[in-house]
Amino acid sequence: GPGRGVWERAKTPRLRRYCDLLASGASKLASSAGGAPEALDLAEQAAQLRPDRAAPSALKGRALVQLGRYGAAREALAAARATEPRALDEPLTLLAWARASSFAGRAEDAAAAYRDLLPRTSALPASERTAAFVEASAHALARGEGGIEDAVTCLRLALRDDHDGHGLVAPLLLALALD
């Protein structure tokens, strides 16, 4: 009955607080570019409540990517994956892993992450999809001749789906790939 929900929440107030912290942190990341410091703080609070869970480290990694702290982001995301092997499966978290790996100089990890991400780009916000296609194409082009076909596919998708201003870069990269 109605009293049972109250009783369950009363037994697990830490779990409710933990969930609220994670949801608020994810919301901060989604709502504004300036939300990353607050999301980072919320992730650290959630980690204090449930240090055995991967979600706080994943949220921390996403926030650190937005802050441009790629080495630390990669460490946080790797910790999340070590705690839970599927922790990076969520598309925004996988995109953060790809970006953190790329900027940390781990091109192979980044390329593999983008390959895993591309079939799931429809789950990304429109503001991230085109960027993901352009970034994936750059990694494909870096593979040399073997990556040209993948790069062309990604760039054509980027041109078709330009919602975030990367439409200026995509045609230039596409011309380079086709050349």
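After α8 comes Gly144, a residue whose phi is positive, near 90°. The structure is a predicted model, in which local features need pLDDT of at least 70, side-chain atom pairs count only at pLDDT 80 or more, and totals for chains, interfaces and linings use all residues. Residues are numbered from 1 along each chain as its sequence is written, and side-chain values use heavy atoms, with hydrogens and water left out.

**Overall make-up**

- The protein has 10 helices and 0 strands, where helices (H or I, at least four residues) and strands (E, at least two) are DSSP runs numbered from the N terminus.
- Of its 179 residues, 39% count as buried, a word that stands for under 20% relative accessible area, while exposed stands for over 50% and partly exposed for the range in between (1.4 Å probe, protein chains only).
- Among the contacts with a separation of 6 or more, 53% are accounted for by residues 24 or more positions apart, a contact being heavy atoms within 4.5 Å.

**The nonpolar core**

- The largest nonpolar core holds 33 residues, and those with the most contacts inside it are Leu29, Leu77, Leu95, Trp97, Tyr114 and Leu117; such a core is a set of buried Ala, Val, Leu, Ile, Met, Phe, Trp, Tyr and Cys residues joined through side-chain atoms within 4.5 Å.
- Two or more residues of this core come from each of α2 (13-31), α3 (36-49), α4 (55-66), α5 (70-83), α6 (91-103), α7 (107-117) and α8 (126-142), and the largest share, 7 residues, is given by α3.
- Trp97, with its neighbours within four places in sequence left aside, is in contact with Arg74, Leu77, Ala78, Arg81, Leu88, Asp109 and Ala113.
- Leu117 is located in helix α7 and is buried, with a relative accessible area of 0%.
- Beyond its neighbours within four places in sequence, Leu117 is in contact with Pro91, Leu94, Leu95, Leu124 and Ala132, and its C-alpha atom is separated by 8.7 Å from that of Ala98, which is 19 residues apart from it along the chain.

**Aromatic rings**

- The count of aromatic pairs comes to 1, under a rule by which rings of Phe, Tyr and Trp (its six-membered ring) pair if their centres lie within 6.5 Å, with planes under 30 degrees apart called stacked, over 60 edge-to-face and the rest tilted.
- Tyr70 and Phe103 make up this stacked pair, at 4.2 Å centre to centre and with 15° between the planes.
- Because Tyr70 lies in helix α5 and Phe103 in helix α6, the pair ties together parts that are 33 residues apart in sequence.
- Tyr70 is partly exposed, with a relative accessible area of 23%, whereas Phe103 is exposed, with a relative accessible area of 56%.

- Arg99 has its place in helix α6 and is buried, with a relative accessible area of 15%.
- The side chain of Arg99 makes a polar contact with the side chain of Glu135 at 2.9 Å; a polar contact is a pair of N or O atoms within 3.5 Å, of which, within protein, one must be able to donate a hydrogen and the other to accept it, and residues adjacent in sequence count only if both atoms are side-chain atoms.
- Apart from its neighbours within four places in sequence, Arg99 is in contact with Val65, Tyr70, Tyr114, Glu128, Ala131 and Glu135.
- The buried residues of α8 include Ala131, Phe133 and Val134.
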